[in-house]
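Dear colleague,

I am handing over the structure below for your use. My findings follow it, arranged by region.

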Amino acid sequence: MAKRKRLSPAQPTYLSTAPESKSALGGPGSLSAPPIAQVASEAATEGALQELTAVLETARAKGLMIEEIALEAIDETHLVRDRLEQDEEEMGALVGSLRARGQQTPIEVVELGQTADGKTHGLISGWRRLRAMRRLHAETGDPAFATIKALVIQPDGAEGAYVAMVEENEIRVNLSHYERARIAVRALREGVYSSQKYALQSLFANATRAKRSKIGSFVTLVEALDEDLLFPTAIREKLGLGLARAFAQTPGFADEVVAALRATARPTAEAEQEVLSQLLAAYEGSEIPGPAVDQAASAVPTSERAPAPAEQPAPAPRVRSLDPADHIGADERVSVQAAAGVRLGFTPGQKRIELTGTAVDTTLMEDLKAWLRRR
């Protein structure tokens with residue numbers, strides 16, 4: 001007889017619900033994602049992060065990303081500033097606005113790298129906002145005013161940095177002709193530009209030709225009077241242009257103005273303007289008397305007199321650089337500050353060079369003679 005197989009008793013938990021497992025998709029009872037899906041997911045995440053990083057780096061390189069930078073990390077003397085003075089009333093209004101509403105417009109800076117004084121960024125534009133934030137922080141000690149919002153830009157060399165500064169100030173503040181001319185002179189001395197003409201054309205490319213010409217005239221005042229003027233930004237346009245013409249026509253007149261300024265007390269801008277105005281009026285009023293009229297000739301009727309020879313126009317004075325890039329016309333008279341105390345005048349049509357100033361002495365003459373022999 002065949003043996004019967006004994007069956008084990010049924011397990012009570014056999015038909016119970018299976019334990020819940022976590023799913024990669026979040027559904028109950030789902031199986032875990034296969035390895036290839038995990039690899040793909042991680043690769044997609046890494047790619048997205050790299051793309052986001054590239055976008056942020058591009059935005060930062062183009063100066064489109066606003067950063068917060070510590071005040072003490074910014075060198076405000078990185079560029080020679082075009083602002084000579086600040087109006088206390090305007091500065092007070094700016095401080096009040098920053099205190100009430102915070103900083104609305106970022107400044108512009110450039111990275112400096114490692115410096116001895118610990119400055120990491122150089123100021124390009126926003127000098128007034130930086131000064132106002134520093135004043136606020138000094139007055140309140142509030143950490144909220146210890147940093148400033150800034151765009152970190154990468155200008156195309158020193159020329160681009162100066163142009164950015166000038167353009168920003170031309171929009172926000174009304175620079176005087178003297179301040180515009182001074183930044184052109186200082187940029188040339190810093191070696192940013194090869195000639196004064198190129199500096200004016202680059203810094204004020206958006207200005208009209210007439211405006212650039214006026215700024216160029218004020219360059220003469222900066223070169224001759226910058227060390228002696230107390231209130232240069234107060235010089236009116238008409239007065240400044242008149243002085244520039246006088247300096248070009250008579251180079252020695254600049255030294256007379258310097259001597260008068262040093263000998264006169266000028267407690268206010270109005271007092272200094274009065275001194276300059278009187279000097280210019282005296283110069284313009286000192287006309288050279290013409291030759292005496294011959295009595296016999298004066299007795300001849302006008303209709304019988306021989307026509308007087310036409311007067312040759314005097315060379316048009318023009319103050320500019322002597323850089324080879326400047327093409328000097330034969331009828332032009334050029335006047336420049338050649339060195340400290342030495343002003344050089346040149347009239348190509350007359351084959352004439354003049355040196356005037358306090359430093360023109362026998363020593364200079366001997367040096368010139370020695371140089372001419374070696375030339």
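Two strands are treated as paired if DSSP finds at least two bridges between them. By that criterion, strand E8 (residues 342-347) and strand E9 (residues 352-356) pair in the antiparallel sense, over 5 bridges. Please note that this is a predicted model.

**The hairpin of E8 and E9**

E8 and E9 form a hairpin with 4 residues between them. In its turn, Lys-351 has a positive phi of about 50°. Along the pair, Leu-344 has Leu-355 in E9 as its bridge partner. Val-342 also belongs to strand E8. Is Val-342 buried or exposed? Its relative accessible area is 10%, and buried means under 20%, so Val-342 is buried. Val-342 and Thr-356 lie 14 residues apart in sequence, yet their C-alpha atoms are 5.7 Å apart in space.

**The chain overall**

The protein chain has 12 helices and 9 strands. Of its 375 residues, 35% count as buried. The accessible surface of the chain comes to about 24,100 Å², and 55% of that area belongs to carbon and sulfur atoms. Among contacts between residues at least 6 apart in sequence, 62% join residues at least 24 apart.

**The five-stranded sheet**

An open sheet of 5 strands has the order E1-E5-E3-E4-E2, and its pairing is mixed. E1 and strand E2 (74-75) are the edge strands, each pairing on one side only.

The individual pairings are as follows.

- Strand E1 (residues 66-70) runs antiparallel to strand E5 (residues 147-152), and 5 bridges join them. Ile-69 has Ile-148 in E5 as its bridge partner.
- Strand E3 (residues 107-111) pairs with E5 in the parallel sense over 3 bridges. Here Ile-107 stands opposite Ala-150 in E5.
- E2 runs parallel to strand E4 (residues 121-125), with 2 bridges between them. Asp-75 stands opposite Gly-122 in E4.

Helix H3 (residues 127-140) lies across E2, E3, E4 and E5. Relative to E5, H3 runs at about 160°.

Helix H7 (residues 209-225) has 17 residues. From its first C-alpha to its last it reaches 25 Å, close to the 24 Å expected at 1.5 Å a residue. The buried residues of H7 are Ile-215, Gly-216, Phe-218, Val-219, Thr-220, Leu-221, Val-222, Ala-224 and Leu-225.

In soluble globular proteins, nonpolar side chains tend to be buried together. In the present model, the largest nonpolar core has 48 residues, and those with the most contacts inside it are Tyr-162, Leu-203 and Leu-225. At least two residues of this core come from each of helix H4 (157-172), helix H5 (177-189), helix H6 (196-203), H7, helix H8 (237-249), helix H9 (252-263) and helix H10 (269-285). Which helix gives the most to this core? That helix is H7, with 7 residues.

Leaving aside residues up to four places away in sequence, Leu-225 touches Tyr-178, Phe-247, Ala-254, Val-257, Val-258 and Leu-261. A second, separate core has 20 residues, among them Leu-71, Leu-130, Ala-132 and Ile-148. Ile-148 is also the bridge partner of Ile-69 in the sheet described above.

**Two glutamates**

Glu-272 is found in helix H10. Buried means under 20% relative accessible area, and Glu-272 has 0%, so this residue counts as buried. Its contacts, again not counting residues up to four places away in sequence, are Asp-228, Leu-229, Leu-230, Phe-231, Pro-232, Leu-261 and Arg-266. Leu-261 is also touched by Leu-225.

Glu-227 is found in the loop between H7 and H8. Its relative accessible area is 75%, and exposed means over 50%, so Glu-227 is exposed. Glu-227 and Val-258 are 31 residues apart in sequence, while their C-alpha atoms are 9.2 Å apart in space. Val-258 is also among the residues that Leu-225 touches.

Yours sincerely

Definitions and conventions: Residues are numbered from 1 along each chain as its sequence is written. This is a predicted model: local features need pLDDT of at least 70, side-chain atom pairs count only at pLDDT 80 or more; totals for chains, interfaces and linings use all residues. Side-chain values use heavy atoms; hydrogens and water are left out. The expected span of a helix is 1.5 Å times one less than its number of residues. Buried means under 20% relative accessible area, exposed over 50%, partly exposed in between (1.4 Å probe, protein chains only). A nonpolar core is a set of buried Ala, Val, Leu, Ile, Met, Phe, Trp, Tyr and Cys residues joined through side-chain atoms within 4.5 Å. Contact means heavy atoms within 4.5 Å. Accessible areas come from the Shrake-Rupley method with a 1.4 Å probe; for residues, only the protein chains shown count as cover. Axes are lines fitted to C-alpha atoms, for helices over the stretch in contact, and angles run from 0 to 180 degrees between N-to-C directions.
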